[in-house]
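I opened this entry to record what I looked up, beginning with the ligand site and ending with the backbone.

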Amino acid sequence: MRIDVVTIFPEYLAPLELSLVGKARTSGLLDLRVHDLRTWTDDRHRTVDDTPFGGGAGMVMRPDVWGRALDDVLTPEAHLLVPSPAGAPFTQRTAETWATEQHLVLACGRYEGIDSRVVEHYAARTRVTEVSLGDYVLNGGEVAALVVVEAVARLLPGVVGNPASLVEESHGAAGLLEYPVYTKPPSWQGHDVPEVLLSGHHARIARWRRDEALRRTAARRPDLLEALDAGEWDRHDLEV
Ligand SMILES: O=C(OCc1ccccc1)c1cn[nH]c1
């Protein structure tokens with residue numbers, strides 16, 4: 001998979017040279033390219049923004065600069081992703097879908113955002129998605145790009161050592177939160193690991209983990225349970 005990130009702060013993406021994503025890049029599993037938007041400016045001051053039509057505070061990123069950048073970076077199979085508080089929610093399902101794509105291009109906005117004609121222009125010739133990582137406002141799309149790249153890259157075959165570790169995660173296929181995890185020592189600061197996990201009884205352990213996942217999800221994210229098809233679990237599981 002190829003991922004291009006266009007930003008005025010390329011150094012913000014440096015953490016993607018580390019750890020699993022870094023290894024995926026050196027192994028060739030992931031072809032990640034980070035571009036400085038100012039490469040495509042046309043003036044001595046390398047200007048990327050201007051004042052907003054209609055007035056208001058802040059600045060807007062210019063369409064002409066973004067147009068030259070995206071014309072260079074986009075390919076016919078690319079999916080253009082624009083992080084924005086006004087975007088569609090990014091979920092594990094989104095990450096799974098985007099992990100199957102050939103080419104993702106992340107356009108990182110700053111200031112008040114990118115001139116809206118850029119999305120309008122490219123939506124007519126490629127797949128474009130404005131994507132939100134949550135209901136809050138960042139100073140720019142770079143942090144969102146880091147999240148999207150990590151969430152997608154870790155799903156690429158070969159990136160994570162043991163694919164089985166991708167199965168029982170929060171927001172996994174079952175749509176539940178992950179059960180609590182423990183390791184040695186069996187007793188720590190007076191806190192003991194639940195007996196069932198030391199029993200070696202795999203069926204009981206699986207049942208305990210499922211019950212814990214249901215209990216946690218009901219307590220912390222009842223919205224996720226609404227989303228689940230009622231037939232997938234039994235309400236009496238929670239009445240304990
Ligand atoms: O702030 C975000 O994106 C950066 C951005 C883009 C355009 C204008 C302002 C800020 C964001 C919040 N949730 N998901 C993304």
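How do the residues of the shell around the ligand divide into nonpolar, polar and charged? I got 7 nonpolar, 6 polar and 1 charged. Here Ala, Val, Leu, Ile, Met, Phe, Trp, Tyr, Cys and Pro count as nonpolar, Asp, Glu, Lys and Arg as charged, and the others, Gly among them, as polar.

I noted that this is a predicted model, in which local features need pLDDT of at least 70, side-chain atom pairs count only at pLDDT 80 or more, and totals for chains, interfaces and linings use all residues. Residues are numbered from 1 along each chain as its sequence is written, and side-chain values use heavy atoms, with hydrogens and water left out.

**Ligand site.** I found 14 residues around the ligand, the closest being Leu133, Gly134, Tyr136, Leu138 and Gly140 (a residue is near if one of its heavy atoms lies within 4 Å). Strand β5, residues 78-89, gives the most to this shell, with 3 residues (strands are DSSP runs of E, at least two residues; helices are runs of H or I, at least four; both are numbered from the N terminus).

I then listed atom pairs. A ligand oxygen is 2.8 Å from a polar backbone atom of Leu138. On its own the ligand has 370 Å² of accessible area, and the protein covers 94% of that (Shrake-Rupley method, 1.4 Å probe).

**Chain.** I counted 7 helices and 9 strands in the protein chain. Its radius of gyration is 22 Å, well over the 18 Å that the globule rule gives for 240 residues, so the chain is more spread out than a compact globule (taken over C-alpha atoms; the rule is 2.2 Å times the number of residues to the power 0.38). Along the principal axes, the C-alpha atoms fill a box of roughly 70 × 40 × 40 Å.

**Backbone.** I found the peptide bond from Lys184 to Pro185 to be cis, with omega near 0°. Pro185 lies in the loop between α5 (142-153) and β8 (187-188). Ser19, in helix α1 (residues 19-26), has phi near 45°, a positive value in a residue other than glycine.

Notes
A polar contact is a pair of N or O atoms within 3.5 Å; within protein, one must be able to donate a hydrogen and the other to accept it, and residues adjacent in sequence count only if both atoms are side-chain atoms.
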